[in-house]
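Visitor: I'm new to this one and would like a close look at a single part. Could you pick a spot and walk me through it?

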Amino acid sequence: MTNPSLPLALSAEVRAALEAGLPVVALESTIITHGMPYPQNLEAARAVEAEIRAAGATPATIAVMGGQIMVGLEDAALDALAQTPGALKLSRADLAACLVSGRTGATTVAATMICAELAGIEVFATGGIGGVHRGAELSFDISADLRELAHSRVTVVAAGAKAILDLPKTLEVLETLGVPVIAVGQDEFPAFWSRASGLPAPLRMDSAAEIAAAHRMRGLIGLPGGQLVANPVPAGDEIPLAEIMPAVEVALAEAAAQGIAAKAVTPFLLDRIFALTDGRSLTANIALVRNNARLAAAIAIELASAEK
Amino acid sequence: MTNPSLPLALSAEVRAALEAGLPVVALESTIITHGMPYPQNLEAARAVEAEIRAAGATPATIAVMGGQIMVGLEDAALDALAQTPGALKLSRADLAACLVSGRTGATTVAATMICAELAGIEVFATGGIGGVHRGAELSFDISADLRELAHSRVTVVAAGAKAILDLPKTLEVLETLGVPVIAVGQDEFPAFWSRASGLPAPLRMDSAAEIAAAHRMRGLIGLPGGQLVANPVPAGDEIPLAEIMPAVEVALAEAAAQGIAAKAVTPFLLDRIFALTDGRSLTANIALVRNNARLAAAIAIELASAEK
Amino acid sequence: MTNPSLPLALSAEVRAALEAGLPVVALESTIITHGMPYPQNLEAARAVEAEIRAAGATPATIAVMGGQIMVGLEDAALDALAQTPGALKLSRADLAACLVSGRTGATTVAATMICAELAGIEVFATGGIGGVHRGAELSFDISADLRELAHSRVTVVAAGAKAILDLPKTLEVLETLGVPVIAVGQDEFPAFWSRASGLPAPLRMDSAAEIAAAHRMRGLIGLPGGQLVANPVPAGDEIPLAEIMPAVEVALAEAAAQGIAAKAVTPFLLDRIFALTDGRSLTANIALVRNNARLAAAIAIELASAEK
Ligand SMILES: [Mn+2]
Ligand SMILES: [Mn+2]
Ligand SMILES: [Mn+2]
């Protein structure tokens with residue numbers, strides 16, 4: 001199924017599932033190394049994997065360790081990754097360099113898509129994607145995740161993009177890149193912690209079967225790239241837009257006042273929003289990732305059944 | 001010639017022409033569904049097809065209907081499309097979703113290029129291409145047509161881009177993307193309704209044979225993407241720059257004053273320019289599309305004769 | 001090794017080296033036609049070729065002449081090119097058109113990468129790459145070199161990018177495009193005439209072997225595009241940032257005051273910086289290209305030895 005000379009180490013479970021044509025869902029690992037402290041990160045990662053198994057699919061958490069792309073982390077490897085403080089945060093630009101260095105790296109959305117496609121996995125669940133940063137009209141700071149969606153053939157289930165980004169510009173760039181952006185069950189593009197963003201989604205679909213059919217059709221007509229499935233956070237876990245936006249604005253003002261710049265901005269904002277929402281931002285984050293894992297499993301099941 | 005499992009329905013005429021290696025010219029369909037009211041849109045579409053036939057090539061109007069990419073519309077299908085008020089306006093991002101939904105969609109420049117390449121058609125005639133919108137330095141609103149020219153191997157004959165766009169930025173983006181921009185018979189990039197734009201074109205060619213040779217050379221050296229052939233509106237039909245620009249400025253000022261935003265801007269501007277020019281903008285539009293159809297047919301004939 | 005119908009004319013020396021699997025380094029030619037007056041340009045080109053030979057690799061200077069991509073210029077061809085005042089400056093957009101026209105064209109970084117990949121050459125030495133121009137937030141003027149690094153599988157050894165460009169934006173665009181940017185032997189991205197830029201480089205490597213291994217790994221995992229190897233100018237030849245930046249600022253102010261615009265800006269700035277540094281900018285330029293040629297040869301030797 002995959003080129004044996006590739007530096008690709010599939011777990012026994014993932015290999016068996018892929019060889020049998022069973023549904024597999026890829027998972028990224030920066031949420032483990034850069035998203036939460038230990039041991040909450042490990043617990044969350046295991047909870048997300050459990051959701052996928054409960055839904056009838058096989059989870060494949062992806063990371064780079066020891067010069068190999070690990071696809072599916074055994075328990076010990078997941079635990080080790082969760083305790084690697086200096087893990088790199090890998091994107092398209094530095095994935096190969098990390099492989100040759102032998103260092104440990106966690107995969108962002110972009111790098112996870114690349115590795116999933118190499119392994120033959122077509123669906124991937126995450127929290128939110130990177131996007132166009134606020135102020136990008138001057139900084140040109142735009143996540144490589146957007147362009148990856150135009151290149152790697154993986155359908156990515158996310159809860160939209162965080163409201164700390166510039167969402168209107170993010171949607172424009174996705175349109176320019178020809179990436180399908182599909183809101184699930186509503187007409188509005190969701191904004192990670194909130195179900196609403198005030199912005200219409202370019203496409204709406206209401207079932208995993210429809211999303212899987214559109215994924216297959218893109219492949220059939222030869223279009224590279226995947227789909228961004230924007231799955232709203234469950235209503236019971238959301239922080240409504242009217243509540244989260246003031247926290248975002250306060251955090252942005254603090255970052256500006258304290259001269260926080262460049263790559264330090266996003267972690268600073270997320271920390272402040274965590275504090276300003278009394279931790280609700282993290283609760284919502286975990287809930288939405290689990291929710292995305294369930295939908296991704298349903299899409300993977302549709303894809304696997306259609307291939308038979 | 002094409003993969004039989006593709007959702008591609010070639011008309012008998014187009015299939016016969018392609019199988020015989022005869023010249024074929026693709027045509028887009030948003031000009032039919034979103035460009036003019038019925039029945040003028042149908043008359044204009046038939047006139048453009050007639051130009052191509054008169055020039056010795058076969059027209060292939062492209063649209064999505066009933067889950068198929070139609071390449072070449074029989075008379076009844078063209079008439080039905082011309083009377084479908086809710087037709088989608090398809091680009092790279094939503095072409096596959098429309099195919100699986102079974103809805104009717106008209107193809108923009110980007111989607112027409114994708115479908116033409118799938119069908120094995122190398123030349124496509126249209127009016128103007130999408131580009132960088134005015135204010136894109138803040139809105140990031142850039143048409144997917146530009147990037148498509150860097151990806152799909154189709155030579156697109158247009159009369160430049162409308163002066164309601166930001167033409168200097170449009171030319172910069174095309175240069176960054178590595179797209180050949182070829183003015184025909186003059187050194188200046190044409191501006192749709194006007195032969196002049198005040199901007200030099202990166203390349204100039206004076207014959208269909210030269211354009212066809214450059215198209216073949218790009219394929220030979222392995223470059224993806226097509227060429228933008230910028231063919232000036234015939235002198236007798238143009239609205240000179242000095243006359244059209246005041247109308248554009250008035251329309252832009254009205255849009256700003258009335259708070260017209262996002263996807264509503266372009267239709268508003270075109271309506272106002274139609275009124276402000278006493279309908280001359282539409283007359284010029286039809287004339288330039290017919291003129292582009294003639295040149296596209298000549299290029300297709302050169303390509304077909306070289307392949308023998 | 002290469003398709004015989006390609007318009008590709010390899011010199012006897014380059015052909016023999018490629019067929020034997022020996023190390024070859026591509027060189028661009030705009031530095032010859034647009035970088036210096038005759039005969040200094042010819043002397044510099046020969047000196048760079050001599051560095052590559054002395055290091056144990058074969059130089060392959062690339063240009064378009066007589067409808068062919070010349071890969072490796074014999075002495076007479078190099079001399080003729082160095083005296084062709086009207087040579088075109090070719091990028092991705094106009095390479096094919098120049099080939100069909102029969103005109104003489106020098107290749108920029110982008111076009112050299114395309115031609116090197118066609119010829120099967122994986123390493124290329126130059127001075128600096130194009131980047132995001134100052135003011136690009138309004139002009140959208142971004143060199144096609146950046147996107148080429150994401151598409152053509154060639155490792156490019158440069159001394160960074162000139163400080164007349166917007167270096168922070170250039171690094172952001174490279175990150176967005178997924179291009180590895182590797183500083184050699186230091187943590188900072190170098191700025192052409194200066195070893196320092198004040199900007200951290202995304203990656204650092206300290207040996208040709210490491211750079212070659214990362215190049216091979218990108219190919220192995222299926223990523224298109226190359227790597228930007230940012231090799232600092234030798235310390236003895238540099239113009240420190242504190243000395244060059246005032247000259248850059250003076251030149252920029254003069255350009256603004258004299259209304260220099262568009263494609264005239266870069267040559268104007270380089271001329272003024274030459275005068276303002278009493279010619280040291282040219283001395284540094286020649287030294288850094290020779291330095292890059294040596295490193296490129298070492299990388300090519302690593303790649304050739306690994307393929308055996
Ligand atoms: Mn960034
Ligand atoms: Mn748009
Ligand atoms: Mn430029």
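**A close look at one annotated site**

Guide: Let's start at Asp145(A), which sits in helix H8, the stretch covering residues 144-149 of chain A. Bear in mind that this is a predicted model. For chain A the mean pLDDT is 96, with 99% of its residues at 70 or more.

Is Asp145(A) buried or exposed? Its relative accessible area is 7%, and buried means under 20%, so Asp145(A) counts as buried. Skipping neighbours within four places in sequence, its contacts are Thr108(A), Val109(A), Ala110(A), Ile129(A) and Gly130(A). With Ala110(A) there's a polar detail too: a polar atom of the Asp145(A) side chain lies 3.0 Å from the backbone nitrogen of Ala110(A).

Now for the record. An unreviewed UniProt entry has a "binding site" annotation that covers Asp145(A) along with Lys89(A), Val109(A), Ser143(A) and Ala144(A). These residues are spread over 57 residues of sequence, yet they cluster in space, with a largest C-alpha distance of 12.8 Å. From this set, Ser143(A) is part of the lining of the largest cavity.

You'll find Lys89(A) in strand S5, residues 88-90 of chain A. Leaving out residues up to four places away in sequence, Lys89(A) touches Thr30(A), His34(A), Asp94(A), Ala106(A) and Thr108(A). Look at Thr108(A) again: Lys89(A) touches it, and Asp145(A) is in contact with it too.

Key:
Residues numbered from 1 in each chain as written. Chains lettered and ligands numbered in written order. Predicted model: local features only at pLDDT ≥ 70, side-chain atom pairs only at ≥ 80, totals over all residues. Heavy atoms only, no water. pLDDT = per-residue confidence, 0-100. UniProt positions renumbered as here; feature names shortened; annotations may be inferred. 1 Å grid on protein atoms, 1.4 Å probe; cavity = no way out; pocket = protein on both sides within 12 Å on 5 of 7 lines; lining within 4 Å. Helix = DSSP H or I, 4+ residues; strand = E, 2+ residues; numbered from the N terminus. Contact = heavy atoms within 4.5 Å. Buried < 20%, exposed > 50% of the residue type's maximum accessible area, 1.4 Å probe, protein only. Polar contact = N/O pair within 3.5 Å; in protein donor to acceptor, adjacent residues only side chain to side chain.
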